[in-house]
Amino acid sequence: MSVVLRRLADAFALLGGGILLAIVAVTTTNAFAFILDRIAGLFGTDVAGLPGYEDFVQLAISCAALMFFPYCQANRGHVSVELLTNRMPQALQRAIDLLWLGVTIAVALFLAYWMIFGMLEVRSDQVVTSVLGWPNWPFYIPGLLSMILWALIAADQVFGDAANA
């Protein structure tokens, strides 16, 4: 596998993990604010939760969720039914692997294609989050790039493995 693609997959996964850590931190802070609000309620006062918490989590999850796909593909972490294929001839195993890599490339590019249209529609409609007022369209970009990287890694596995065979 190409070193550049491997490093990009690693970087995407680390960035996705960082986004998930931010979600955990914001969720913990918000939950703590609710606990403090209950306690403060006993004394006739209140503590507000984080405004726009749901907006942030929704947008952050939409970025982070797809950022792990390229890493998973780079590590061949996708599901395969080796119970059946282990007893098949090596050439047939390779053919099945190539077939599924081709399907993976097609699916990743199909998703990227439609994400482009979704992003352009959300941008033209000027969709913003309800509380924070953040535009939604930029949050499509990490997912779109993840789908393209996923397809590139699968294609590299097709052609890289063919060169090694």
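A residue counts as buried when its relative accessible area is under 20%, as exposed when over 50%, and as partly exposed in between (1.4 Å probe, protein chains only). Of the 165 residues of the protein, 29% are buried. The model is predicted, so local features need pLDDT of at least 70 and side-chain atom pairs count only at pLDDT 80 or more, while totals for chains, interfaces and linings use all residues. Residues are numbered from 1 along each chain as its sequence is written, and side-chain values use heavy atoms, with hydrogens and water left out.

**Whole chain**

Start with a cartoon view. There are six helices and zero strands, where helices (H or I, at least four residues) and strands (E, at least two) are DSSP runs, numbered from the N terminus. In a view along the principal axes, the C-alpha atoms fill a box of roughly 75 × 40 × 30 Å.

**First core**

Select Ile19, Ile23, Leu149 and Ile153, the residues with the most contacts inside the largest nonpolar core, which has 14 residues. Such a core is a set of buried Ala, Val, Leu, Ile, Met, Phe, Trp, Tyr and Cys residues joined through side-chain atoms within 4.5 Å. Helix 1 (3-41), helix 2 (53-64) and helix 6 (141-164) each supply at least two residues of this core. Now centre on Ile23: leaving aside residues up to four places away in sequence, Ile23 touches Phe56, Val57, Ala60 and Ile61. Contact here means heavy atoms within 4.5 Å.

Next select Ile105, Met115, Leu144 and Met147. These four are among the 13 residues of another core, which lies apart from the largest one.

**Two loop residues**

Go to Asn136, in the loop between helix 5 (90-124) and helix 6. Is Asn136 buried or exposed? Asn136 is buried, its relative accessible area being 16%. Show its neighbours: not counting residues up to four places away in sequence, Asn136 touches Leu59, Val122, Val127, Val128 and Thr129.

Then move to Gly44, in the loop between helix 1 and helix 2. With a relative accessible area of 72%, Gly44 is exposed. To end, draw a distance from Gly44 to Leu101: the two are 57 residues apart in sequence and 62 Å apart in space, C-alpha to C-alpha.
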